[in-house]
Amino acid sequence: MKIAIVGAGIVGSTAAYYLSKEKDVEVTVFDHGLGQATKAAAGIISPWFSKRRNKAWYRMARLGADFYQELTSNLENDGYDTSFYDQSGVALLKKDDSKLDGLYQHAETRLEESPIIGELSIKNADNLPEFTGFDRYLYASGGARVEGAELTATLINASGFEKVEGPVTLSSLDNGSYEINCQTFDKVILACGAWLGQTLEPLGFEVDVRPQKGQLRDYFFDGLDTGKLPVLMPEGELDVIPFAGGKISVGASHENDQGFDLTVDKTVLNQLQQEAETYLPRLSKAEILGERVGTRAYTSDFAPFFGAVPDLLNVYAASGLGSSGLTTGPLIGRQLAQIALGEAGLLNTADYPIERYVKKV
């Protein structure tokens with residue numbers, strides 16, 4: 001069986017990795033190489049504090065956080081380094097820190113179904129002498145940080161499949177198969193995020209997915225043991241994400257009016273840095289390693305979706321994962337691989353109805 005995967009981000013690369021374990025399956029991964037959200041992402045795996053009322057979303061996020069244990073175990077068994085993922089812990093802040101008590105109780109109710117949370121406690125700021133600007137924080141030892149580019153590169157490398165870079169044109173053939181860039185496939189997985197509409201519109205589909213620009217900046221700190229620091233999650237858009245080796249990532253922006261623009265906007269990044277200096281004053285003297293820009297995918301109601309594309313046999317898609325893509329993406333990639341093989345996954349596709357967002361016109 002020949003399967004095409006369009007998009008080598010977190011969803012597509014995970015699907016490719018698990019399909020590589022199947023006999024008699026040949027996969028080609030297509031990726032334009034521009035704007036991929038995962039490559040620009042330094043992610044936080046910590047969904048348990050969310051108060052979103054969408055139970056289906058939370059189930060996806062919770063199981064997505066759990067799934068990292070299986071994914072990293074599988075990769076390690078295959079002989080691959082999984083240092084892109086580290087349960088370094090997260091420290092969550094509130095401007096009114098009296099709200100931490102209620103948030104702690106909220107997260108505590110989720111411990112039984114998510115023991116991966118680990119230690120859950122409210123701590124005094126003197127436990128984090130490297131940071132300033134707050135008195136208390138809510139800590140979860142099971143929270144993790146993920147380097148998106150390293151994750152996807154590892155998955156593609158582990159899959160062993162060919163990756164073709166460049167624009168993609170999808171067309172359906174009379175015999176029920178599909179053609180992509182002069183190659184024929186039995187099945188297609190569309191993991192192209194915010195570009196799903198551009199991929200399906202030539203086939204007569206209308207897609208409810210919009211792009212959101214996200215930017216972050218990486219810094220190097222000489223003499224600071226960043227590997228032992230937790231992720232700092234202040235209230236709002238800002239996150240301060242330490243990695244081993246003196247690196248700290250600051251971001252990311254959520255820009256809804258920039259379309260697919262991938263230009264680095266130093267004004268936006270400087271504003272994020274200024275806010276981050278409230279909590280990490282030495283940031284002003286750190287070396288800037290680089291800046292990253294990616295494009296997230298959102299639906300009009302901010303809900304993700306995945307499943308079989310309506311009226312298009314043997315084509316499957318996922319999108320709308322938004323800023324939780326690094327949390328939910330691997331699980332969705334695994335699930336799309338299972339659907340393509342006719343297998344059931346952990347999630348019920350009816351809870352994430354693709355037909356609500358992808359319609360034949």
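This report walks through a sheet, a hairpin, the salt bridges, the nonpolar cores and the cysteines of a predicted model.

## Ground rules

Because the model is predicted, local features need pLDDT of at least 70 and side-chain atom pairs count only at pLDDT 80 or more, while totals for chains, interfaces and linings use all residues. Residues are numbered from 1 along each chain as its sequence is written, and side-chain values use heavy atoms, with hydrogens and water left out.

Helices (H or I, at least four residues) and strands (E, at least two) are DSSP runs, numbered from the N terminus. Two strands pair if DSSP finds at least two bridges between them.

## A three-stranded sheet

Let's start with an open sheet of three strands, ordered S3-S8-S4 and paired antiparallel. S3 (42–45) and S4 (85–86) sit at the edges with a single partner strand each, so one side of each has no neighbour in the sheet. S3 and S8 (residues 144–147) run antiparallel and are joined by four bridges. Across that pairing, Ile45 stands opposite Ala144 in S8.

Helix H7 (residues 325–340) packs on this sheet and touches S3 and S8; a contact here means heavy atoms within 4.5 Å. The direction of H7 makes about 80 degrees with that of S3. For such angles, axes are lines fitted to C-alpha atoms (for helices, over the stretch in contact), and the values run from 0 to 180 degrees between N-to-C directions.

S17 (239–243) and S18 (residues 247–251) pair in the antiparallel sense over five bridges. One of the facing pairs is Pro242 with Ile248 in S18. The two strands make a hairpin with three residues between them, and Gly245 in the turn has a positive phi of about 85 degrees.

S17 is mostly covered, with five of its five residues buried. Here buried means under 20% relative accessible area, exposed means over 50%, and partly exposed is in between (1.4 Å probe, protein chains only). Asp239, Ile241 and Phe243 point one way from S17, whereas Val240 and Pro242 point the other way.

## Salt bridges

Side chains of opposite charge can pair when their charged atoms come close. The rule used here asks for a side-chain nitrogen of Lys or Arg within 4 Å of a carboxyl oxygen of Asp or Glu, and the count comes to 15 salt bridges. One of them joins Glu113 to Arg62, with the closest N and O atoms 3.6 Å apart. Glu113 is in the loop between H3 (99–108) and S6 (120–124) and Arg62 is in H2 (residues 55–77), so this pair ties together parts 51 residues apart in sequence. Glu113 is partly exposed at 40% relative accessible area, but Arg62 counts as buried at 11%.

Another salt bridge brings Glu235 and Lys94 together at 3.9 Å, N to O. Glu235 is in the loop between S16 (231–233) and S17, and Lys94 is in the loop between S5 (90–92) and H3, 141 residues apart. Both ends are partly exposed: Glu235 at 29% and Lys94 at 27%. Arg136 and Asp97 also meet in a salt bridge, at 3.6 Å, N to O. Arg136 is partly exposed at 22%, as is Asp97 at 24%. Salt bridges with shared partners also join Glu147, Asp218, Lys247 and Arg292 into one network.

## Nonpolar cores

A nonpolar core is a set of buried Ala, Val, Leu, Ile, Met, Phe, Trp, Tyr and Cys residues joined through side-chain atoms within 4.5 Å. The largest has 70 residues, and those with the most contacts inside it are Leu19, Phe49, Leu151, Ile189, Phe306, Ile332 and Leu336. H2 gives the most to this core, with 11 residues.

Leaving out residues up to four places away in sequence, Ile332 touches Val11, Met60, Phe306, Ala318, Leu321 and Leu347. Apart from this core lies another, of 27 residues, including Phe30, Leu196, Leu200 and Ile354.

## Cysteines

The structure holds zero disulfides, taking a disulfide as a pair of cysteine sulfur atoms within 2.5 Å. For Cys182, the nearest cysteine sulfur is that of Cys192, 19 Å away. Cys182 is exposed, with a relative accessible area of 73%, whereas Cys192 is buried at 12%.
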